[in-house]
Amino acid sequence: MNRLELQNIAVTYDERTILDVDHISFERGKMYGIVGPSGAGKSTLLRVINLLEKPRQGSMGFFGTQVELSSLTHASGLSIQRQMGYVAQKPSMFHASVFDNVALGLRYRKLDRSQIQALVHEALQYVELSHLANQRANTLSGGEAQRIALARALVYEPALLLLDEPTASLDPSNIKIFERVIQMINLKKKTTILMITHNLPQARRLADVCLFLFHGRIVEYSETDTFFSRPACHELQDFVSGRMIC
Amino acid sequence: MMFTPDVWEVIWLSLQVTTTSVLIGILIGIPAGAFLGLYSFSGKRLIVILIYTCMGLPPVLVGVVVYLLLSRYGPLGSLDLLFSAEAMIIAQVILVTPIITGLTMAAVQAKENAYWETAKSLGASPFQLMVTIIKEARGGIWSGIAAAYGRAISEVGAVMLVGGNIEHHTRVMTTAIILETRTGNFSGGLQMGFVLLSISFLFNSFMMVGMLNQMKARKR
Amino acid sequence: MKIRFSLIYPFFLALVLMLLSACSPQSSQPGSATPTPESTTPATASKEAKEIVLATTTSTQDSGLLDSLLPVFEQKTGIKVKVVAVGTGQAIKLGEDGNTDVLLVHARKSEDEFMEKGFGINAYDVMYNQFYIVGPSDDPAGLKQAKTAKEAMEKIAANKSSFVSRGDDSGTDKKEKSIWKEAGITPEGSWYLSSGQGMGETLQMADEKKAYTLTDEATFLSRKLGLQIVMQGDKSLLNPYGIIQVKSSSKQEEGMQLIQFFTGEEGQKLIGEFGQATYGKGLFVPDAKKR
């Protein structure tokens with residue numbers, strides 16, 4: 001009940017295997033770091049979980065709800081989708097105010113005005129951008145936009161937060177705020193977080209558990225300490241030590 | 001310029017027929033265009049080709065087809081709609097709906113990649129997703145509506161055929177121009193043409209102001 | 001409908017004149033033309049310009065009459081005739097503006113005015129055809145019992161039966177209006193529909209609306225519709241055609257040749273024969289004479 005599980009996931013593009021996961025599970029309330037070379041299938045994994053991409057086969061247990069991914073439609077997956085938040089590497093802001101951007105998910109869920117008002121302000125406070133509420137979102141800087149994207153994804157208090165290299169193009173001060181927010185909601189709201197990152201110290205700093213993807217397969221899955229100090233497979237050893245060029 | 005009541009009547013009918021047609025075209029074309037812009041399905045390619053073809057439908061052809069449908073001897077003859085304002089609206093809806101659909105589709109497709117996933121991951125239902133993308137694509141959709149309005153109000157072939165240019169019933173600006181010209185009253189025809197042009201200009205100006213405001217807002 | 005503007009914009013008039021003069025550079029305004037005697041003075045430049053414009057009503061072209069006459073004329077004389085088929089009102093306007101060389105029209109009153117104003121020379125009667133009042137086969141207003149066209153129109157108005165008028169200031173339209181006037185009726189109300197279109201379209205509309213209308217014989221016979229003749233043969237339903245040379249035309253000689261052909265023996269014979277093969281009777285009765 002209290003976990004996210006994936007079974008027999010297979011994603012192929014033109015006969016080429018992109019993702020091939022037999023079984024994996026994520027505990028509620030934990031933070032997971034996903035690392036691996038480019039093209040290993042990290043983004044595809046998050047997109048499959050977020051129902052943005054349909055695998056050829058596979059099923060998912062979403063904190064107690066079992067779904068067959070290949071036969072899921074937009075409408076039938078909606079109740080699960082609404083329990084997830086997603087932040088991509090490059091945020092796309094709608095041509096509206098910052099407030100309206102953050103409120104969008106709440107409006108989709110048909111909350112009333114006063115609730116929306118309160119939740120949006122709370123979320124903007126988390127990311128320390130309350131003063132920008134009335135500004136147009138497409139005028140924000142990259143760092144601000146990414147923090148607004150985070151506020152937009154956590155404002156409806158999702159059970160699962162999916163982050164795809166969210167800080168890759170941010171400066172250190174924005175990275176700091178971003179990390180602080182996700183740690184805080186991870187603790188306070190017991191939000192499960194899956195974060196892809198190329199920044200190994202970041203994974204080490206934040207994640208409880210790390211997994212290493214290589215050619216579409218999960219080749220290492222362990223507690224963060226073990227993951228970095230005693231990597232079991234040689235691919236991860238090469239990757240962690242920087243010998244793997246990708 | 002002093003207008004006789006007859007002239008006002010013609011202008012007013014033109015505006016009524018065109019506005020009604022474009023509104024109906026919007027109700028059909030925007031959702032249809034957004035759907036085509038967002039979703040892929042088998043047979044979509046064919047539908048898209050048909051829509052782009054229909055964007056350039058010859059008005060006279062539409063007129064003939066609607067005429068034959070509504071004729072007393074045609075399949076819908078019992079409705080007694082031929083030579084009425086409703087008949088003109090039917091013909092114009094057929095003309096403007098593909099334009100609005102096609103340009104909405106193009107506008108939505110241009111926005112689709114960036115915003116589709118964001119809206120979906122924020123929990124939009126299929127309908128909410130469509131509304132969100134339509135809002136994002138509003139600039140392109142407005143120009144589609146402007147194009148449709150311009151085509152409808154200046155169109156003459158179809159409304160002449162199915163409306164019949166009947167005085168006090170179905171005489172609109174374009175058919176009045178034809179009549180004035182046919183009877184040798186060139187200056188009357190030209191002045192009516194000037195009125196038509198002015199209305200087109202005013203309408204497009206409002207559209208442009210709206211679009212420019214939006215562009216400004218984006219740059220700020 | 002007439003569009004009247006209290007002020008006429010000089011700009012638009014200038015534009016109209018520019019447009020018109022651009023259409024036919026050789027033409028000059030009637031006022032400025034040197035008065036020509038009632039004879040044909042051969043113009044020197046006309047030898048190479050073997051092409052003239054004939055403005056005529058749609059009925060002569062739609063019926064196919066011109067198609068059977070003009071090739072004979074062109075072969076005989078080598079003069080090419082460009083036909084502009086429009087309503088009588090516009091045809092006469094084209095003559096007034098000097099945009100045509102010869103007129104072939106059927107609206108005697110307008111023709112006489114045209115001559116009086118000095119726009120034309122050499123006016124001839126060419127032929128006449130008949131008008132019919134046609135209507136739905138059940139004849140709701142009982143027009144078949146009427147003796148004259150005037151009486152027929154009175155019946156239509158009294159019965160408020162639908163009547164489609166051309167309302168385009170054409171010869172046929174003028175004929176219709178003159179009969180209403182003769183009957184002392186001002187036709188108005190929802191039963192009286194003014195189409196502002198050509199004869200063919202107006203007949204079509206009358207058929208669709210189960211209405212009466214006044215039509216020329218040729219157009220009526222060339223259409224296969226559910227309408228039937230309910231009044232014919234009355235004197236006021238005869239429709240004489242006139243051919244007039246435009247005074248300001250620079251092609252007096254060629255224009256006169258065309259007129260001579262239409263009013264001469266060969267042309268008159270062709271006019272009389274026209275339509276016999278298709279309709280079993282001639283559509284036009286030749287009666288050429290100088291006015």
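Buried means under 20% relative accessible area, exposed means over 50%, and partly exposed lies in between, with a 1.4 Å probe and protein chains only. By that rule A:Glu179 is buried, with a relative accessible area of 8%. This is a predicted model, in which local features need pLDDT of at least 70 and side-chain atom pairs count only at pLDDT 80 or more, while totals for chains, interfaces and linings use all residues. Residues are numbered from 1 along each chain as its sequence is written, chains are lettered from A and ligands numbered from 1 in the order in which they are written, and side-chain values use heavy atoms, with hydrogens and water left out.

**Chain B overall**

- Chain B has nine helices and zero strands; helices (H or I, at least four residues) and strands (E, at least two) are DSSP runs, numbered from the N terminus.
- Read from the N terminus, the elements of chain B run α-α-α-α-α-α-α-α-α.
- The C-alpha trace of chain B spans about 65 × 45 × 25 Å along its principal axes.
- Of the 220 residues in chain B, 54% are buried.

**Helix H8 of chain B**

- Helix H8 of chain B (residues 173-182) is largely enclosed by the rest of the structure, because eight of its ten residues are buried.
- The buried residues in H8(B) are B:Met173, B:Thr174, B:Thr175, B:Ala176, B:Ile177, B:Leu179, B:Glu180 and B:Arg182.
- Just after H8(B), B:Gly184 takes a positive phi of about 85°.

**A nonpolar surface patch on chain B**

- B:Leu61, B:Val65, B:Leu69, B:Leu76 and B:Leu79 form a nonpolar patch on the surface, and together they have about 410 Å² of accessible area.
- Patches are made of residues with over 30% relative accessible area and no salt bridge; like charges are joined within 9 Å, and nonpolar side chains (Val, Leu, Ile, Met, Phe, Trp, Tyr) within 5 Å.
- Accessible areas come from the Shrake-Rupley method with a 1.4 Å probe, and for residues only the protein chains shown count as cover.
- B:Leu76, one of the patch residues, sits in the loop between helix H3 (59-70) and helix H4 (85-121) of chain B.
- B:Leu76 is partly exposed, at a relative accessible area of 36%.

**Salt bridges**

- Over all chains the structure holds 22 salt bridges, each being a side-chain nitrogen of Lys or Arg within 4 Å of a carboxyl oxygen of Asp or Glu.
- One of them pairs A:Arg47 with B:Glu117, whose closest N and O atoms are 2.4 Å apart.
- This pair joins two chains, because A:Arg47 lies in helix H1 (residues 42-49) of chain A and B:Glu117 in helix H4 of chain B.
- A:Arg47 counts as buried at 18% relative accessibility, whereas B:Glu117 is partly exposed with a relative accessible area of 22%.
- Within chain A, the side chains of A:Arg205 and A:Glu179 meet in a salt bridge (2.5 Å, N to O).
- That pair links distant parts of the chain, with A:Arg205 in helix H7 (residues 200-206) and A:Glu179 in helix H6 of chain A, 26 residues apart.
- A:Arg205 is partly exposed, with a relative accessible area of 46%.
- In chain C, salt bridges that share partners join C:Arg108, C:Glu111, C:Asp112, C:Asp125, C:Lys289 and C:Arg291 into one network.

- On a 1 Å grid over the protein atoms alone, a cavity is a set of points where a 1.4 Å probe fits but cannot get out, and lining residues have an atom within 4 Å of a point.
- Helix H4 (residues 113-126) of chain A gives the largest share of the lining of the largest cavity, four residues.
- Residues that line the largest cavity include A:Leu119, A:Tyr126, A:Glu157 and A:Lys189.
- A:Lys189 forms a salt bridge with A:Glu157, with the closest N and O atoms 3.0 Å apart.
- The pair links distant parts of the chain, 32 residues apart: A:Lys189 is in the loop between helix H6 (172-188) and strand E8 (192-196) of chain A, and A:Glu157 in the loop between helix H5 (142-154) and strand E7 (160-164) of chain A.
- A:Lys189 counts as partly exposed at 30% relative accessibility, and A:Glu157 is partly exposed with a relative accessible area of 44%.

Terms used
1 Å grid on protein atoms, 1.4 Å probe; cavity = no way out; pocket = protein on both sides within 12 Å on 5 of 7 lines; lining within 4 Å.
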